[in-house]
Amino acid sequence: MRNIDLCRILQVRVAFPSRRCQMRSHCEWFAGGIEWVMAGAKHADRIKPWGELPPGPLLRFVISLTRNLPADAVGRWLASLLYRLVSWNLDGPVDSHFVGAKVRLHSDGNGAEILALFTPDMYAPEERRLLAGMQRPDFTMVDVGANVGLFSLFAAACMDESARIIAVEPDRELFRRLRFNIGASGTRTVTGQNLAISGDFDALVVMPESGGQPGDGTAVQGVTLVELMDQHGIDRLTVLNLGNTGQEFDTLSAFFIDAGRGRFPEVLMVMGQPSWPEADPVRLAEMHGYRVVESKGEKTILALSDIKASQTTESV
């Protein structure tokens, strides 16, 4: 009797883990399916063409309000208030227009995209006024730290088809967005590059900042500015826009050493504040013949001293 009972007990104890494993397997399969669906919804913008992600009714209404606010302190305050009212309902990217170009903007963290979506007139106003007054044939620009390509697209809208604009973004996710915006806009004058501009030709590890959240470190090829210009057959830049990448001083130091004065950009835009006075890119540029023509917030605009003021500052 005891043997029979023992066998039954053993059978139950052996069979139960088997059923439990089967249930766990089914649960894991189900959870994996849900995760796959959620990931697909989260990254739907990677496969859907422009126009298939329009803003919802509430967001569309708020955008219509914020885009008509004055570009002053009161307008910025009201826009910020309206944004907070709808920020809880923001989920994923939105198809919109910026300076007439079709773009896909993520409204849930990236400051540049939020500005372009809600208050495009408040996006880089000084730099945009400057570019609008620099219309000329054979315009060339390198946009370092181009984010999702908004500044490059504005420059393209100001210039003719002879312009050559290189938008450089080291962040893998931001570059994906940049590349989509270039394609959606239909421009032929902007080229995207997933590179890191620095003082050395080397592999750099960049921490993605997409959506304001740190992500996986990604090895990105580093090149100097002179190497980039040579790769694209650019002898001289009209404008060099240095975003806040943390490499501004090293980038300019190497450039001023490697390039002759004849290759210096006519206009230099520098974003961000130096970590210490000895690594101030603005001061370094002034030592190489540039003068400050506009300084506001963290952005400084400089021009070569031998370039007439009317050529660069008329619209600033």
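Let's start with the rings. F255, F256, F264 and Y290 are joined into a cluster by ring pairs. A pair here means Phe, Tyr or Trp rings (six-membered ring for Trp) with centres within 6.5 Å; planes under 30 degrees apart are stacked, over 60 edge-to-face, the rest tilted. By that rule the count is 7 aromatic pairs.

One of them is Y83 with F118. Centre to centre, 5.3 Å; between the planes, 80°; so edge-to-face. This pair links distant parts of the chain, 35 residues apart: Y83 sits in helix 3 (residues 73-87), F118 in helix 4 (residues 111-118). Helices are DSSP runs of H or I, at least four residues, numbered from the N terminus. F118 is buried, at 3% relative accessible area; the cut-off for buried is under 20%, with a 1.4 Å probe and protein chains only.

A word on the source. This is a predicted model: local features need pLDDT of at least 70, and side-chain atom pairs count only at pLDDT 80 or more, while totals for chains, interfaces and linings use all residues. Residues are numbered from 1 along each chain as its sequence is written, and side-chain values use heavy atoms, leaving out hydrogens and water.

Next, the helix packing. The axes of helix 2 (residues 57-66) and helix 3 come within 10 Å and cross at roughly 175°. Axes are lines fitted to C-alpha atoms over the stretch in contact, with angles from 0 to 180 degrees between N-to-C directions. The two helices are therefore roughly antiparallel, which takes an angle over 145 degrees. Helix 2 makes the contact (heavy atoms within 4.5 Å) with L58, L59, V62, L65 and T66, helix 3 with A79, L82 and V86.

Conventions: Buried means under 20% relative accessible area, exposed over 50%, partly exposed in between (1.4 Å probe, protein chains only). Angles under 35 degrees count as roughly parallel, over 145 as roughly antiparallel, 65 to 115 as roughly perpendicular and the rest as oblique.
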